[in-house]
Amino acid sequence: MDNPELLRNIKNETEQNKGDNRRSFLKKAAAATVTLAGADFITLAMDNSSDSGRQSGEIPWYRRITRWGQTNITEKDPSHYDIQWWRNHWKSTDTQGVIINAGGIVAYYPSKIPLHRQAQFLEGRDLFGDLCRAAHEENVAVFARMDSNRAHEEFYNAHPDWFAIDASGKPYKAGDMFITCINSPYYSEHIPSILTEVANLYHPEGFTDNSWSGLGRDTICYCENCKKSFRNKSGKEIPVVKNWDNAVFREWIIWNYNRRLEIWDLNNRVTKVAGGPDCIWSGMNSGSISGQSRSFRDFKKICGKAEIIMLDSQSRNDSGGFQQNADMGKLIHGLLGWEKLIPESMAMYQAGRPTFRLSSKPVPEAHMWMFEGIAGGIQPWWHYIGASHEDRRIYHTNGPVFQWHKENEEYLINRKPMATVGVVWSQQNTDFYGRDEPELMVDLPWRGIVQALIRARIPYLPVNADHIDREAGNLSLLILPNIGAMADDQVASVKRFVEKGGNLIATGESSLFNEWGDRRQDFALGDIFGTHIPETPEPNALPLRKWVNDTYHTYLRLTPELRIKVDGPQTGMEPQAKGERHQVLKGFDETDIISFGGMLEPLRTENGTEVLLTYIPSFPIYPPETSWMREPKTDIPGLILNTIPGGGRVAFMPADIDREYGRYNLPDHGNLLANLIRWTSNNNIHLAIEGSGLINCNLYHQPGRMILHLTNLTSAGTWRQPVDEFIPVGPFKVSIRLPGDVSGKDIKLLVSQLNTSGHIENGWIQFTINSISNHEVVVVS
Ligand SMILES: [Zn+2]
C-alpha cells in the first residue's frame with residue numbers, strides 16, 4: 001500500500017461497519033449446495049460469526065458462482081432503470097452473480113469522494129445501492145464494477161499532475177476525457193478511497209474494473225510521478241522513443257508491467273481490508289495475449305495472484321473464429337489452475353465487426369461464442385449495454401444456454417484436459433520477439449498450428465514456456481510455433497523433454513533469439529533440431545521479420561520427387577527412379593511441389609537428419625509468359641526430421657507453413673501440418689473422429705469419466721460472420737482411448753439428451769454420434 005494513513009482509515013471505517021447486508025446475503029446462501037465434479041454434495045454452511053462470512057474449507061463465492069450477467073449501465077439509465085424487471089431476468093436465466101457499475105469515471109451512487117462525478121442522469125438516486133440490495137435479496141452475488149482510467153475536465157483542472165502527459169507536457173485525451181496516470185495518486189489514493197466507500201456502504205462480494213491498467217504500451221507518459229518512479233527503480237530517464245533494441249526501453253516495459261501488478265495487489269489489499277478476506281478485486285483481462293501485452297498485463301503473473309479471471313472478450317474476430325474462445329479458456333486455465341473460474345463477458349448485442357450496441361446479435365452467432373467458451377472451461381456471463389432495449393429479441397438469447405449450463409454444470413467445471421499435444425507460448429515472446437508485429441510474428445504461427453490441430457480433431461493444450469517441466473508428464477508432443485524468443489531455462493526444459501523421450505515440432509525462428517529478442521549465433525535448440533545457422537551465413541540473409549509482411553511466389557519441393565509416377569506431359573525435369581516417401585508426405589503422391597509463400601535461407605543440417613522439403617525461390621507471377629521456375633531445385637531445407645538417441649522424434653520446419661496456414665488457410669498446408677503432428681506424436685493421440693465437417697474437439701477428465709466437447713464450426717467456416725444458421729453435420733464415428741478409471745459402460749449426450757453405448761476393444765471405446773447441430777457434449781463413464 002502506498003499510503004499507510006489511508007490504510008488505517010480504511011481499517012477504522014471497516015471496523016465501524018460490521019453486521020452488514022453482505023453478511024445477510026451470505027446467511028441466505030447458507031443452505032446453498034453445489035455439486036463438485038467427482039465429489040459428493042458439499043453443503044455451504046455459512047458461519048455468520050466468522051469475519052469472512054464462511055468457515056475455512058468452505059467454497060468461497062468466487063469459486064462456486066458459474067453464471068454471471070451484466071447490464072452495463074449508461075448515464076441515461078438511472079432515470080428509468082426497472083429493477084423489478086431485471087430481478088425477474090436474473091431469476092428466469094438462472095443468473096447467480098451480476099456485475100453492476102459502481103464508480104470510476106462516473107458514480108452510480110451518491111459518493112462523498114471529492115471529484116467523483118455523479119452519472120449525468122443520476123439526480124440523487126442510489127442506483128448502485130438499490131441494485132446491490134435487490135441482488136442480495138435474490139441471493140445473487142455482486143461484482144461492483146469500476147472504470148478507472150479517465151476523468152472529466154474538472155478533475156484534470158483540480159489535479160493536473162494525476163494525468164498522463166506526452167513529451168511536450170500535453171495531456172493525453174480520449175474524446176473529452178483525460179487519461180489518468182497509473183503512477184499518480186489517482187490510482188494510489190482516489191481509486192482506493194472509492195473502493196473503500198463502496199465496500200463500506202454496500203458490501204458487494206467483490207470488485208472488478210473494466211479498464212484498470214492505465215495507458216497502453218504505444219503511449220509513453222512523461223509526468224513527474226512517472227519520471228520520479230522510473231528514476232528510483234532504474235536510475236535512468238524515461239526513454240524518448242520506442243526502441244526494442246534499447247536496454248532502457250526494455251527496462252521501461254518491465255517497470256510498466258510491475259506497476260500494474262502493484263495496482264492489482266494494492267486494490268486487493270484495500271477491498272479485503274474494507275470488505276473482508278473474500279472481498280477480492282479482480283480487474284478485467286483481455287482474451288488476446290498481444291492485447292494483454294499492449295496493456296502491460298502480465299497474464300502469467302496476474303493469474304498467479306487472481307482468485308478468478310474476469311475475461312473481457314465479447315465476441316469473435318474474423319481471423320480467430322469461434323475457436324479462439326476455447327483456445328483462450330484453456331490457455332488461461334493453464335496459468336490459473338483448472339479448479340478456478342473464468343467468467344467471460346459475452347455480448348448479446350452486435351459486437352465486434354461491426355458494433356451496434358443496441359441491436360440484438362444473431363442468436364446462432366451469440367450461442368456459438370458461448371459454446372466454444374464453455375468447451376474451453378469458461379463460464380457464461382451475458383452482457384447488455386443499457387437497461388432497456390427497443391430490440392427486445394436481445395432478452396431471449398442467453399436463456400437457453402444458461403438453462404443448459406445449469407442442468408449440466410457438474411460436467412463443465414473442475415476437470416482436467418486430456419490432451420497429449422502441448423502448444424507452447426509465452427508473453428515474453430509476444431513482447432520481445434513480436435515487438436511491433438506480434439500478429440505476424442507470433443499470432444499467425446499460433447493460429448496456423450491450432451487450426452491444423454482443430455481440423456485434424458486432435459485435442460491440444462496451450463502450455464506456457466515456463467511450465468514445460470510441470471506439464472511434461474502428460475504430454476507426448478510439444479509444438480513451438482515460431483517461439484523466437486526463448487530464455488536459457490526455457491530452452492533447457494525443451495531439451496529435457498526431448499531427452500526423456502518427448503517429441504518436438506518447432507517452426508520458423510524458434511529459439512534463435514534470447515528472452516529480450518536479441519539474436520543468437522545459432523538456434524539454442526540447434527542440436528535438437530540437427531540444424532544450424534551456417535558459420536558463414538549468406539551476406540544478404542534476411543531475418544524473418546524483414547519479409548514477413550509480404551507473400552512471395554515461392555514453393556517447396558517434396559523429396560524425393562515421384563516424377564516417374566506422373567500421368568501428364570513431360571516436365572523437362574530429369575526423370576529419376578521411384579523413391580519412397582516419408583509418411584509425413586502421405587496424400588501428396590500426385591505432386592512434387594506445394595505452394596509456400598515465405599522465404600528461406602541456407603541452413604546446415606547434421607548427418608542423420610532427413611530433409612523432406614526443399615526451397616524453390618521466387619519467380620514472377622506476372623506476366624504469365626515469365627512465370628517459370630528460374631531455380632527449380634535448391635538444397636535449402638524447409639522441413640528437417642531428426643531423432644535424438646534415446647529421445648523423441650523431432651521435426652524442425654524453418655519454412656513457416658504454420659504462419660502461411662494461419663493467414664491463407666490453404667488445405668495443403670493444413671494437411672502437411674496434420675501429417676507432421678501425427679507422425680511426430682508417435683501414435684500418442686487418444687482421440688479419432690471420422691465424418692465430414694470442421695469440428696473442434698476438447699477432451700477432459702473427471703474422476704471416473706471423460707467429457708468430450710464437439711463444437712460444429714462447419715457453419716461458421718463457410719461464410720463470413722455473423723453465422724445465422726446452423727448446418728448440422730454427422731454421423732461421426734468417435735474413438736477414444738479409455739483411461740484406467742473409466743469403464744465406458746455409459747455414454748450420455750448432454751445436448752441431444754440421448755444415451756448410447758459403445759464398443760470397447762484394446763482399451764479404446766468406439767461409438768457413433770448421428771448429428772451435431774451447434775455442439776454436443778459427450779460424457780463417457
Ligand atoms: Zn505518468
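Does Q753 count as buried, partly exposed or exposed, and at what relative accessibility? Q753 counts as exposed, because its relative accessibility is 62% and the cut-off for that class is over 50%. The points below concern a predicted model.

1. Q753 and its surroundings. Q753 is placed in the loop that runs between β33 and β34. Its phi lies near 55 degrees, which is a positive value for a residue other than glycine. Both flanking strands belong to the six-stranded sheet taken up in the next point.

2. The six-stranded sheet. This open sheet has 6 strands in the order β17-β30-β31-β37-β33-β34, and the pairing is antiparallel. Its edge strands are β17 (416-417) and β34 (754-756), each of which pairs on one side only. Within the sheet, β33 (residues 747-749) and β37 (residues 775-780) run antiparallel and are joined by 3 bridges. K748 has V779 of β37 as its bridge partner. In general, the strands of a sheet pair through backbone hydrogen bonds, in either the parallel or the antiparallel sense.

3. The four-stranded sheet. A further open sheet contains 4 strands in the order β29-β32-β36-β35, with antiparallel pairing. The edge positions are taken by β29 (687-690) and β35 (759-761), each pairing on one side only. On average, neighbouring strands of this sheet are turned by 20 degrees against each other, direction ignored. Strand β35 pairs with β36 (residues 764-769) in the antiparallel sense over 3 bridges. In that pair, I760 stands opposite I765 of β36.

4. Which residues of β23 are buried on each side of the strand? On one side they are Y555 and R557, and on the other L556 and L558, so that both faces of β23 (residues 555-558) are covered. In a regular strand, side chains alternate between the two faces of the sheet. Strand β23 pairs in the antiparallel sense with β24 (residues 593-595) over 3 bridges, and Y555 stands opposite S595 there. Strand β23 also pairs in the antiparallel sense with β26 (residues 610-616), over 4 bridges. In this second pairing, L556 stands opposite Y615.

5. Cis peptide bonds. The bond from T559 to P560 is cis, with omega near -10 degrees. P560 lies in the loop between β23 and β24, two strands that pair with each other. A cis peptide bond also joins R353 and P354, with omega of about -10 degrees. P354 is found in the loop between β14 (349-350) and β15 (356-360).

6. The zinc site. Four cysteine SG atoms, those of C181, C221, C223 and C226, coordinate the zinc ion at 2.2 to 2.3 Å. The angles subtended by the 4 donor atoms are 96 to 122 degrees; the arrangement is therefore tetrahedral, as angles between 85 and 135 degrees are required for that class. Along the sequence, the spacing of the donor residues is C-x39-C-x1-C-x2-C. Both C221 and C226 are buried.

7. Packing of α4 and α5. Two packed helices are described by the angle and the distance between their axes. For α4 (residues 83-92) and α5 (residues 127-137), the axes come within 11 Å and cross at roughly 35 degrees. The crossing of α4 past α5 is right-handed. I83, R87 and W90 of α4 meet a set of α5 residues made up of L127, D130, L131, A134, A135 and E137.

8. L115 is located in the loop between β4 (97-104) and α5. Like Q753, L115 is a residue other than glycine with a positive phi; for L115 the value is near 70 degrees. L115 is partly exposed because its relative accessible area is 32%.

9. H396. This residue is found in the loop between β16 (379-385) and α14 (398-408). H396 is exposed because its relative accessible area is 62%. Along the chain, H396 and N72 are 324 residues apart, and their C-alpha atoms are separated by 17 Å.

Conventions: Residues numbered from 1 in each chain as written. Predicted model: local features only at pLDDT ≥ 70, side-chain atom pairs only at ≥ 80, totals over all residues. Heavy atoms only, no water. Donors = N, O, S within 2.8 Å, 3.2 Å for Na, K, Ca; no water. Tetrahedral: all angles 85-135°; square planar, octahedral: opposite > 155°, others 65-115°. Buried < 20%, exposed > 50% of the residue type's maximum accessible area, 1.4 Å probe, protein only. Pairing = 2+ DSSP bridges. Axes fitted to C-alpha atoms, helices over the stretch in contact; angles between N-to-C directions. Left-handed = near helix turned anticlockwise from the far one by under 90°. Contact = heavy atoms within 4.5 Å.
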